[in-house]
Amino acid sequence: MLHLLHSLKYFLTASSGLPTFPEFVAISMVDDIQGGYCDSSGKRPEPKQDWAKKLIKDDPQLLEWYAQECVRYRYIYRANIDMLKQQLNQTGGVHIFQRMHGCEWDDETGEVHGFNQYGYDGEDFIALDPQTLTWIAAKPQAVITKHKWDRDIIYIEVNKMFNTQRCPERLKKYVEYLKSFLQRTERPSVSLLQKTPSSPVSCHATGFYPDRAVMFWRKDGEELHEDVDHREILPNHDGTFQMSVDLNLSSVAPEDWRRYDCAFRLSGVKDNIVTRLDKAVIRTNWVSPSEFPVGSVIGVVVGLLLLALCITGLFIWRRNNNGFRPANSSYSSSSSSN
């Protein structure tokens, strides 16, 4: 049996003194894959991946619960950061208060470990020892907070229940949804791209999943290794991936292009996606100088120059009874009376 250690992590961040950054941000991660996001901008929490969207669709009340929690924690963390600033005699500047909490679950042994730790201004501040259920101060400035939180028995019990019951229950549920997401396969769309007629032809595949894939150029059905540049696999915003392989055709005669093709192979899929090298299907933004509409462009440029001159004359000169003369600085205030 394959041994896997799964994790559910919540990252919560409050900031002070950053006008261009949300006052509060929360992100959830399942097995280090982002599940949801919310912040203090007023937007409702939104699932980021397909598996999380399906989870919310099957359990709409879960999204409502996360929305309420996002609002609640926003005010709690604002109070926490104000308390720390007062405790540390800080009146201004930029300050960041962070929390990471959640649990890990071993699907073979069933063992569960919870964690709850805080940071302030980029450094560890305080953390809960899951064995003794006491707080550990990571720096002297956190000792006051440690003593205060050690006396808060209710907060400690809430953390204990979350670490040992609620978090593992959620994690197991989320993992089931995530499995279907991770075990899926999505075939890409493949295109041939070229910047200029003398540039290499790029075979570009996008929208595939998982990232276990290979792509290569072939000549007469045999894989090429010379004049080929393999680029790294990159992620797309929707969780899929993209990759490109370039082929230098500078020494290939046009009549030999038909002997070349690009093959894409995705893990778990038997058939290759084969794209023949055909000049007619190559996509490019390059325009031949002979096809460039010079006359039209010159006409547009001349027209714009004439318009600019007219506008400039309108703002530099004004008319009165004695003819034209340069406008003075009082024009804007006196133009209405004239």
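**Entry 1: terms and model**

I count a charge as sitting over a ring if NZ of Lys or CZ of Arg is within 6 Å of the ring centre and within 35 degrees of the ring normal. The model is predicted, and I take local features only at pLDDT of at least 70 and side-chain atom pairs only at pLDDT 80 or more, while totals for chains, interfaces and linings use all residues. Residues are numbered from 1 along each chain as its sequence is written, and side-chain values use heavy atoms, with hydrogens and water left out.

**Entry 2: charges over rings**

I found the charged end of R72 over the ring of Y73, 4.8 Å from its centre. I also noted R184 over the face of Y209, at 3.8 Å from the ring centre.

**Entry 3: ring pairs**

I paired rings of Phe, Tyr and Trp (its six-membered ring) with centres within 6.5 Å; planes under 30 degrees apart are stacked, over 60 edge-to-face, and the rest tilted. This rule gave me 17 aromatic pairs. The W135 and Y155 rings have centres 5.8 Å apart and planes at 10°, so I logged the pair as stacked. W135 lies in strand β8 (residues 134-137) and Y155 in helix α4 (residues 153-182), so the pair ties together parts 20 residues apart in sequence. Helices (H or I, at least four residues) and strands (E, at least two) are DSSP runs, numbered from the N terminus.

For burial I used relative accessible area: buried under 20%, exposed over 50%, partly exposed in between (1.4 Å probe, protein chains only). W135 is buried at 1%, whereas Y155 is partly exposed at 23%.

The rings of F208 and F241 have centres 6.4 Å apart and planes at 35°, so I logged this pair as tilted. F208 in strand β10 (residues 201-208) and F241 in strand β15 (residues 241-247) are 33 residues apart. F208 is buried at 0%, and F241 is buried at 15%.

I traced a cluster linked by ring pairs through F24, Y73, Y77, F97, Y118, W135, W149 and Y155.

**Entry 4: strand β1**

I found 10 of the 12 residues of β1 (residues 5-16) buried. Strands pair if DSSP finds at least two bridges between them. β1 runs antiparallel to β5 (residues 95-106) over 12 bridges, and A14 has F97 in β5 as its bridge partner. β1 also joins β2 (residues 24-30) by 7 antiparallel bridges, with Y10 partnered by S28 in β2.

**Entry 5: confidence**

pLDDT is the predictor's confidence in each residue, from 0 to 100. The protein chain averages 83, and 83% of the residues score at least 70. Over residues 304-338 pLDDT stays under 50. Where pLDDT is low, the predicted coordinates should not be read in detail.

Notes. Contact = heavy atoms within 4.5 Å.
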